[in-house]
Structure formats: C-alpha cells, structure tokens
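Here are my notes for someone opening this one for the first time. Have it on screen and go through the points in order.

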Amino acid sequence: MIPSSLTIIGKAYEVQLLTVQEFPANCGETHSAQGIIKIQEGQLLYDEADTLLHECIHALDERFQLKLTERQVYCTTVGLLSLLKDNPNMLQYLVHAIDKN
C-alpha cells in the first residue's frame with residue numbers, strides 16, 4: 001500500500017492519490033512548498049511505485065537544489081528500480097544497515 005506521508009530530508013510530504021478525472025495531465029507531481037506529492041491512482045503497482053519514486057527524486061532535487069532535468073530524474077528512477085529489481089538482496093541489506101544505524 002502506498003504511504004500516505006513521507007519525510008524527505010526533514011520535510012513532511014502528504015501523498016495524495018487522485019483520480020484520473022481530478023488529475024488527468026500527469027501520473028505524478030511534487031509540490032515542495034506545500035509539502036504534497038500527487039499520484040494518479042489506478043496505475044499498475046510497479047508503475048505507481050515508479051511514479052512515487054520519481055516524485056521523491058524531484059523532492060530531493062528541490063531540497064538539495066540540484067537542478068536535475070526531467071531526463072535525469074527519469075533515468076535515476078529507472079536505474080534505481082532496475083538495481084533493486086535485479087539485486088533483491090540489496091534492498092534487504094539497505095534496510096538492515098539503516099536499522100543498525
């Protein structure tokens with residue numbers, strides 16, 4: 001289940017699931033000033049996860065003022081999801097390392 005809220009570099013974000021009628025133009029949007037990430041509902045689970053990660057990378061980009069292009073955000077999202085899909089132990093390792101910190 002998609003989280004209803006996230007904290008990204010100390011800033012709280014509400015994750016809103018919106019219908020296609022409410023949110024027809026995009027699969028996702030990030031509004032850092034308002035602390036809102038909007039996700040279009042009804043996507044396949046993998047696509048929804050891709051969209052959420054993509055919007056989180058946008059939030060990181062804004063918080064760190066990296067000025068990433070949309071292509072850079074897209075490629076980073078696809079790369080991270082591919083890394084985790086191809087290496088399932090990697091995610092378990094990261095969770096373990098975070099828990100031990």
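Which residue stands opposite His31 in S4? Ile36 does, and point 2 picks up those two strands.

1. Ground rules. This is a predicted model, in which local features need pLDDT of at least 70 and side-chain atom pairs count only at pLDDT 80 or more, while totals for chains, interfaces and linings use all residues. Residues are numbered from 1 along each chain as its sequence is written, and side-chain values use heavy atoms, with hydrogens and water left out. Helices (H or I, at least four residues) and strands (E, at least two) are DSSP runs, numbered from the N terminus.

2. The S3–S4 hairpin. S3 and S4 run antiparallel and pair over four bridges; strands count as paired if DSSP finds at least two bridges between them. Four residues sit between the two strands, and in that turn Gly35 has a positive phi of about 70°. Strand S3 covers residues 28–31, with Gly28 and Thr30 on its covered face and Glu29 and His31 on the uncovered one. In a regular strand the side chains alternate between the two faces of the sheet.

3. The S1–S2 hairpin. These two strands are also worth a look. S1 and S2 are antiparallel and joined by four bridges, and Ile8 stands opposite Lys11 in S2. The hairpin has two residues between its strands. Ile9 lies in the loop between strand S1 (5–8) and S2, and takes a positive phi of about 50° although it is not a glycine. With 45% relative accessibility, Ile9 counts as partly exposed, because buried means under 20% relative accessible area, exposed over 50%, and partly exposed in between (1.4 Å probe, protein chains only).

4. How S2 meets S4. Do S2 and S4 run parallel or antiparallel? They run parallel, with five bridges joining them. Leu18 stands opposite Gln40 in S4.

5. The core. Nine residues make up the largest nonpolar core: Ile2, Ile8, Tyr13, Val15, Ile37, Ile39, Leu52, Cys56 and Ala59. Strand S2 (11–18), strand S4 (36–40) and helix H1 (45–64) each supply at least two residues of it, and H1 gives the most, with three. By nonpolar core I mean a set of buried Ala, Val, Leu, Ile, Met, Phe, Trp, Tyr and Cys residues joined through side-chain atoms within 4.5 Å.

6. Leu52. Click on this one next. Leaving aside residues up to four places away in sequence, Leu52 touches Ile2, Pro3, Leu6, Val15, Ile37 and Ile39; contact means heavy atoms within 4.5 Å. Ile2, Val15, Ile37 and Ile39 are core members, as is Leu52 itself.

7. Gln65. At 66% relative accessibility, Gln65 counts as exposed.

8. The surface patch. Leu80, Leu83, Met90, Leu91, Tyr93, Leu94, Val95 and Ile98 make a nonpolar surface patch of about 710 Å². Helix H2 (70–86) and helix H3 (88–100) are the elements that give two or more residues to the patch, and H3 has the largest share, with six. Patches are made of residues with over 30% relative accessible area and no salt bridge; like charges are joined within 9 Å and nonpolar side chains (Val, Leu, Ile, Met, Phe, Trp, Tyr) within 5 Å. A salt bridge here is a side-chain nitrogen of Lys or Arg within 4 Å of a carboxyl oxygen of Asp or Glu. Areas come from the Shrake-Rupley method with a 1.4 Å probe, and for residues, only the protein chains shown count as cover.

9. Met90 lies in helix H3 and is partly exposed, with a relative accessible area of 31%. Not counting residues up to four places away in sequence, Met90 touches Leu83 and Leu84. Leu94 is also placed in helix H3, and is partly exposed at 36% relative accessible area. Leu94 and Phe64 are 30 residues apart in sequence and, C-alpha to C-alpha, 22 Å apart in space.
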